[in-house]
Amino acid sequence: MSQQHEDPRTPEPSPSAHPGPGLFVVFEGGDGAGKSTQAARLAEALDAAGETVLQTREPGGTPIGEKLRSLVLDHGHGPVDPRTEALLFAAARAAHVEQVILPALASGQVVVCDRYIDSSVAYQGVGRGLGAEDVLGLNRWATQGLLPHLTVLLDVAAEDGRRRRTVRDAGGADRLEAEPDDFHTRNRRAFLDLAAADPERYLVLDAGLGVDELAASVLARVSGLRSAGAGA
Ligand code: TYD
C-alpha cells in the first residue's frame, strides 16, 4: 500500500497587512554608513511634528534580543558558522517584531528601526553565501511577513565605511565589521539589488552627502508617505 506523504513545505506566508495606523521605517546600509545618526535625526523631527516615535535597532530592542546581539556580534564566543549566525539574527528579529514592533504599529506609532531583514539578506545571504532566497524565507517566517513601508538605504563603499568606522569606533570592530572589504562590497551590491527590485518601497541615498541634506531628504519622503495616508 502506498503511503500518503504530506508536502513538508509550509506555504510561504503572505506579507502581513500592517496592524493599525503605525508607520514602519527602516534604515539599511553598510557599516559606517551613518544609519544611527539619520535614524536619530528622523525620530527627533517626527517627534517635533507631533508623532509618537519608537526608535529601535537590530539586533536588539528586547531583553532576549540584546543577549542574542552580544552572542552574535561580540568576539570570544568561539566560531559562529553562517547558519547559526543567520538564525541568531532571525531569532532576535522574531522577538523584536512580536514584542515591540507590532504593538507599536498597532497603537499608531512611527517605528524607526536601524537595520531589518535586508541586513540578513545582504550579510548572511550574500556576504556569507547562504543564499538570498533562503535567508529571505527564514526571515519572512520569523517576522510574520511584516515589511517596512519604507526602507532608507544609505549607500556607502566598503573603503569609505571602513574609514568612517575607524574614526567612530575607537573601541574596535565587532565580528561582522572586522570582515574584509570584499565581504562589505558584496553586501553593498546586495542592498542595491534589493532596492532596485522594489523602488517604490526604497529611498536610496549616497551616504557621503552632508548629514543635514540626508536628514532633509529622508524627512521629506516620510512626511510625504504620512500625508498620502501610509500607515494611517
Ligand atoms: P551595529 O553595531 O548595529 O552596526 P551598525 O551601527 O553599523 O548598524 O552592528 C550590527 C552588525 O551586525 C553590522 O555589522 C551588521 C550585522 N548584521 C548582520 O550581519 N545581519 C543582520 O541581520 C543584522 C541586523 C546585522
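Helices (H or I, at least four residues) and strands (E, at least two) are DSSP runs, numbered from the N terminus. This is a predicted model, in which local features need pLDDT of at least 70, side-chain atom pairs count only at pLDDT 80 or more, and totals for chains, interfaces and linings use all residues. Residues are numbered from 1 along each chain as its sequence is written, and side-chain values use heavy atoms, with hydrogens and water left out.

Start with helix H4, residues 117-127. Among the buried residues are Ser-120 and Gln-124. Their cover, counted by contact (heavy atoms within 4.5 Å), includes strands S1, S4 and S5 and helices H3, H5 and H7. Just after H4, Gly-129 takes a positive phi of about 80°.

Helix H2 spans residues 63-73, and its buried residues are Gly-65, Leu-68, Val-72 and Leu-73. They cover an arc of only 110° around the axis, taken from the directions to the C-beta atoms, which puts them on the same side of H2. The face turned away carries Pro-63 and Lys-67, both exposed (over 50%). Helix H3 (82-106) is part of what covers the buried residues of H2.

Now the ligand. A polar side-chain atom of Arg-115 lies 2.8 Å from a ligand oxygen. For the side chains of Arg-69 and Arg-93, the distance from an N or O atom to a ligand oxygen is 2.9 Å. Taken alone, the ligand exposes 540 Å² (Shrake-Rupley method, 1.4 Å probe), and the protein buries 94% of that.

Note on methods
Buried < 20%, exposed > 50% of the residue type's maximum accessible area, 1.4 Å probe, protein only. Polar contact = N/O pair within 3.5 Å; in protein donor to acceptor, adjacent residues only side chain to side chain.
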